[in-house]
Amino acid sequence: MNKQDLINRRNEPHVANPQRELQIVVAAFIFKDDKVLLIHHKKLDKWLPVGGHIERNETPDAAVLREAKEEVGLDVEIIQTDATLQCGQMKEKLCVPFHVSVHSVGDHDHCCLNYACTVKSENVEMNNRELKNFQWFSKEELKQEHVSEGVKAEALTAFKVYEAQSTNG
């Protein structure tokens, strides 16, 4: 591939893998008392942040709030990470995710929008159909072997968002 091919390719829209379905999902790293909530997902048998698919006609913000309520019974508030302008024909200002990535979930891919959140309600009510367990993790506790490197890295980035918000009030 020559230099011009690289320049042309950079200007083309990126397709993760045209042979695989790509679904848009959200992940909520929920914080309380300097700890982040992770759930042990039954089907995937992994420790993950709360999250799931965005439903038809649903904004990513609404999906975060719905998934937190459905999976762990919590009312949450998304930490705003960007000061976007309210202008023009904008109907609603949405929060900006702190991280976006594409990853494989077996037979298809997920484009995941990651958000940091704080709790508005106190008691976790675990959805036993989807979850094996839940745990609040400190930064140190994230080093446990059962937390994957990817989730650990995303959680530590979410901690930075949470701590910046806590510092700025």
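A disulfide is counted here when two cysteine sulfur atoms lie within 2.5 Å. Keep that cut-off in mind as we walk through this structure, which is a predicted model. The sulfur of Cys95 has its closest cysteine sulfur in Cys117, 8.2 Å away, so the two are too far apart for a bond. The count of disulfides is therefore zero under this cut-off. Both residues sit out of the solvent: Cys95 is buried at a relative accessible area of 15%, and Cys117 is buried at 0%.

Let's turn to the aromatic rings, where the model has four aromatic pairs. One of them is formed by Phe31 and Tyr162, whose rings are stacked, with 4.4 Å from centre to centre and 5 degrees between the planes. This pair links distant parts of the chain, since Phe31 lies in strand 1 (residues 22-32) and Tyr162 in helix 3 (residues 149-168), 131 residues apart. Phe31 is buried, with 1% relative accessibility, and Tyr162 is buried too, at 8%. Together with Phe159, Phe31 and Tyr162 make up one aromatic cluster.

Trp47 and Phe137 form another pair, this time edge-to-face, with centres 5.6 Å apart and 80 degrees between the planes. Here strand 3 (residues 46-48), which holds Trp47, is linked to strand 8 (residues 131-137), which holds Phe137, across 90 residues. Trp47 counts as buried at 10% relative accessibility, and Phe137 is buried at 0%.

Finally, have a look at Asp109, which belongs to strand 7 (residues 109-119). Asp109 is buried, with a relative accessibility of 8%, and its side chain makes a polar contact of 2.9 Å with the side chain of Arg20.

Note on methods:
Residues are numbered from 1 along each chain as its sequence is written. This is a predicted model: local features need pLDDT of at least 70, side-chain atom pairs count only at pLDDT 80 or more; totals for chains, interfaces and linings use all residues. Side-chain values use heavy atoms; hydrogens and water are left out. Buried means under 20% relative accessible area, exposed over 50%, partly exposed in between (1.4 Å probe, protein chains only). Helices (H or I, at least four residues) and strands (E, at least two) are DSSP runs, numbered from the N terminus. A polar contact is a pair of N or O atoms within 3.5 Å; within protein, one must be able to donate a hydrogen and the other to accept it, and residues adjacent in sequence count only if both atoms are side-chain atoms. Rings of Phe, Tyr and Trp (its six-membered ring) pair if their centres lie within 6.5 Å; planes under 30 degrees apart count as stacked, over 60 as edge-to-face and the rest as tilted.
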